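Here are a few friendly notes to read alongside the model. I begin with the ligand's surroundings and then turn to a single residue.

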Amino acid sequence: MKILVTGGCGFIGSNLVRYLLEEAGEGVEKIVNLDLLTYAGNPANLSDLENRDDYTFVQGDIGDTELVPRLLKEHEVDLVMNLAAESHVDRSIDSPEPFIQTNVTGTLRLLEAARHHVAERSGEAKDRFRFQHISTDEVYGSLDRDEPAFTEKTPFAPNSPYAASKASADFLVRAYHHTFGLATLTTNCSNNYGSFHFPEKLIPLIILNALEGRPLPIYGDGSNIRDWLYVGDHCRALWLVATRGRPGETYNIGGDSERTNIDIVRTICRLLDERRPRPGKGYESLIEFVKDRPGHDQRYAVDFSKLNAELGWSPTQTLESGLEKTVDWYLEHLDWCRDITNNNYQRQRLGTTP
Ligand code: NAD
Ligand code: DAU
């Protein structure tokens, strides 16, 4: 398949591109990575792939109505994997508009381009086309402690501007299948963690702050629960759904690893205490409880039994094994982290001297 990955320079996108080229096997012929390179996109995440014949990077917007149709045609794209998004809940609270622009309008324009692209194909090429939309469990809202996990039938109840923008996009994808017969696939996944995770998100933020001796901020009382999934397991699920999922369906992807935020932070502190002991007090002494996130969802938990029953997927990493790999990755890639925290990665791509 010839694949257009959008948002391939972000956290999950860069792990996915690497997975497709290095692990997915023969089904992958070529990848075109379309990424606008917002603050969250870092070309260094994939710089080692630059010279491969089966990989092309294009800087651009999923909402560009001239560029996207041209790429679909020129590269004879069979599969779109749409990961491009504004992804950080706190930013959506500070400034919601970019979330509507990319997550809603951008997805709509991408769907429209895909619809016309398919209309111009015929025979087997037409049949094989898929539009895969990568979404989040946050569209389902928040669970109380004793409620069952989200299933694909849980009604949408998004609570943040980010979640509302993703839910809107999910509905557009649904409508393009129902109305135009576009062969869509939607996945709703829980919290990912792993390599190349941008350090505005909880896990990398805690690792980097701890190593620099800065406070470890925990919103509210730290009792909020997320269902954590190692990013490599997410990528494997995405490829399975892309190649074997049923068009028009949505699939939940989860980690079977519900933890409170305070548990996550304490586990990271323990792993760092073992690997890089701090003189004097351990890392936990840096924990600070801070003002809560407005509208903070209490709990997410994802029931992925449909994906398991239909395609045999389940996570391979436990939270403990995945967190160990993640902490080790950050310790081995402190230069990558420093470039981000000093903002050098953006200056480099603008061609200025850091
Ligand atoms: P990210 O913020 O790390 O990366 C997003 C990427 O999209 C960046 O490279 C950015 O430059 C690019 N981008 C933004 N706007 C664009 C535009 N208009 N056109 C082209 N590229 C653009 O995000 P992530 O954490 O890797 O998430 C990827 C996708 O997976 C998102 O759609 C997100 O909603 C979804 N998701 C994320 C998680 C998670 O835990 N991170 C969980 C479930 C679903
Ligand atoms: O559930 C999937 C979602 O997971 C994705 O759709 C989003 O793109 C992704 O960003 C993530 O959203 P969260 O808001 O859950 O992730 P974040 O890492 O921002 O926060 C995780 C939890 O930690 C959440 O309960 C808020 C809390 N938190 C976060 C930060 C940044 C803190 O306590 N302190 C912090 O400094």
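1. The shell around ligand 1 is made of 13 nonpolar, twelve polar and three charged residues. Here Ala, Val, Leu, Ile, Met, Phe, Trp, Tyr, Cys and Pro count as nonpolar, Asp, Glu, Lys and Arg as charged, and the others, Gly among them, as polar. Please keep in mind that this is a predicted model, where local features need pLDDT of at least 70, side-chain atom pairs count only at pLDDT 80 or more, and totals for chains, interfaces and linings use all residues. Side-chain values use heavy atoms, without hydrogens and water, residues are numbered from 1 along each chain as its sequence is written, and chains are lettered from A and ligands numbered from 1 in the order in which they are written.

2. Of the 28 residues around ligand 1 (a heavy atom within 4 Å), Ile-12, Asp-35, Ser-87, Tyr-162 and Lys-166 come nearest. Strand β5 contributes the most, with three residues; α1 (11–22), β5 (130–136) and α6 (161–180) each supply at least two. Helices (H or I, at least four residues) and strands (E, at least two) are DSSP runs, numbered from the N terminus.

3. Oxygen atoms of ligand 1 lie 3.0 Å from a polar backbone atom of Phe-11 and 3.0 Å from one of Thr-38. A nitrogen atom of ligand 1 is 3.0 Å from a polar side-chain atom of Thr-102. Taken alone, the ligand exposes 840 Å², of which the protein buries 96% (Shrake-Rupley method, 1.4 Å probe).

4. Do look at Asn-188, in strand β6 (residues 184–189). Asn-188 counts as buried because its relative accessibility is 2%, and buried means under 20% (1.4 Å probe, protein chains only).

Key:
Buried means under 20% relative accessible area, exposed over 50%, partly exposed in between (1.4 Å probe, protein chains only). A polar contact is a pair of N or O atoms within 3.5 Å; within protein, one must be able to donate a hydrogen and the other to accept it, and residues adjacent in sequence count only if both atoms are side-chain atoms.
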